[in-house]
Amino acid sequence: MTDHAHGGAHEIPDPERETQTRTVEELGGTECLRLISEGGVGRIAYTGRFGPVVLPVNYKLHDGAIVFRTAPGSPMDEDLRTGISEAEYLVAFEIDEIDMAAREGWSVLIQGSAHHVDSEAERASLAQAGVEPWPGGERELFLRIVPSRITGRRIRRADRSASG
Amino acid sequence: MTHDAGAAQPLDRDTCLRLLRSVVIGRVAWADDDGRVVVLPVNFITDGDDIAFRTSEGGKLSAAREGRLFSFEADDVEPGLRTGWSVLVSGTAQVVADSAVVDRLEHSPLAPWSPMPASCFVRLRPDQTTGRRLPLHPGGVTRERIGPEGDIPC
């Protein structure tokens with residue numbers, strides 16, 4: 001953009017100049033997995049009965065898959081059941097970390113199918129991995145998203161980028 | 001509390017709108033023809049009842065031009081306290097063409113964070129706005145830690 005910023009907001013740094021110092025980089029799958037490996041809060045997105053639904057959940061990364069808990073019979077549980085054995089619902093899972101003050105951050109998008117964890121052995125393994133529900137209460141259903149595509153982006157100050 | 005302390009509590013529309021104005025980052029989501037869902041963070045503002053954000057050529061803009069159903073989600077969560085809220089707005093998105101509106105949005109706090117060639121504004125007109133508050137996880141932390149009674153943890 002060649003337009004000059006119009007007046008106002010003299011006391012804060014010129015956003016246009018600030019913007020020019022930021023770079024956007026695409027992140028590789030390995031870097032994405034590293035960024036999200038600690039778990040925390042992510043957002044599950046899927047096509048519900050009335051369009052896309054996005055909800056925050058507490059997740060863990062377990063054996064390369066996103067795992068979280070919800071309540072059996074909840075709207076999310078019902079929405080994500082195809083009713084067809086072996087058929088699984090396509091979902092997206094987004095995780096980000098954004099530093100508002102520095103205007104830097106990254107986001108990772110995972111696309112894959114949602115799998116209901118029904119077997120006792122698998123449930124026990126996930127429970128042991130410490131996948132905690134959030135919020136609390138009766139959330140005994142484990143859902144697992146096996147990534148089929150992982151993409152990510154990072155915005156940061158140009159002088160911090162690897163390329164300089 | 002004797003009921004399920006973990007159950008999400010629905011929020012009314014006014015509360016949802018007030019909460020949306022308290023944050024600047026949200027996530028937009030849409031699905032393509034194959035049912036593949038995309039969800040990406042955006043820097044947004046509320047413009048009346050609408051959600052507005054800036055974008056350049058890419059998935060978001062294509063989806064808006066194709067008139068796909070959009071959803072927008074914003075939240076503020078406290079993982080430490082395991083409490084917070086989340087608001088979901090669903091509707092149709094359109095690229096802002098009205099130059100007066102574009103000019104107004106240009107002067108809003110929607111400055112891009114990185115160079116954005118040929119960017120334009122997209123607005124989401126809500127058909128449905130829902131929200132929920134996630135109560136504290138049962139544990140040693142009390143509600144009073146959040147703020148004055150009746151205050152919204154944001």
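This is a short tour of the structure, stop by stop, with something to select at each one.

Before you click, know that the model is predicted: local features need pLDDT of at least 70, side-chain atom pairs count only at pLDDT 80 or more, and totals for chains, interfaces and linings use all residues. Residues are numbered from 1 along each chain as its sequence is written, while chains are lettered from A and ligands numbered from 1 in the order in which they are written.

**Stop 1: chain B as a whole**

Select chain B and switch to cartoon. You'll find 3 helices and 7 strands; here helices (H or I, at least four residues) and strands (E, at least two) are DSSP runs, numbered from the N terminus. Follow the chain along its sequence and the order reads β-α-β-β-β-α-β-β-α-β.

**Stop 2: strand 7 of chain B**

Now select residues 120-134 of chain B, which are strand 7. Which strands pair with it? Strand 6 (residues 83-95) runs antiparallel to strand 7, joined by 12 bridges. Pairing here takes at least two DSSP bridges between two strands.

- B:Leu88 and B:Thr130
- B:Ile51 and B:Leu124
- B:Leu11 and B:Gly131

**Stop 3: the largest nonpolar core**

A nonpolar core is a set of buried Ala, Val, Leu, Ile, Met, Phe, Trp, Tyr and Cys residues joined through C-beta atoms within 7 Å. The largest one has 63 residues, and A:Ala45, A:Val91, A:Ala92, B:Val37 and B:Val39 touch the most other members. Strand 3 (residues 51-62) of chain A gives the most to this core, 6 residues. Zoom in on A:Val91: beyond its neighbours within four places in sequence, its contacts (C-beta atoms, placed from the backbone, within 7 Å) include A:Ala45, A:Leu80, A:Ile145 and B:Val37.

**Stop 4: A:Thr19**

Finish at A:Thr19, in helix 1 (residues 15-20) of chain A. Is A:Thr19 buried or partly exposed? A:Thr19 is partly exposed, because 17 other C-beta atoms lie within 10 Å. Leaving aside neighbours within four places in sequence, A:Thr19 is in contact with B:Ala111, B:Pro112, B:Trp113, B:Ser114 and B:Pro115.

Key: Buried ≥ 20, exposed ≤ 12 C-beta atoms within 10 Å, placed from the backbone. Contact = placed C-beta atoms within 7 Å.
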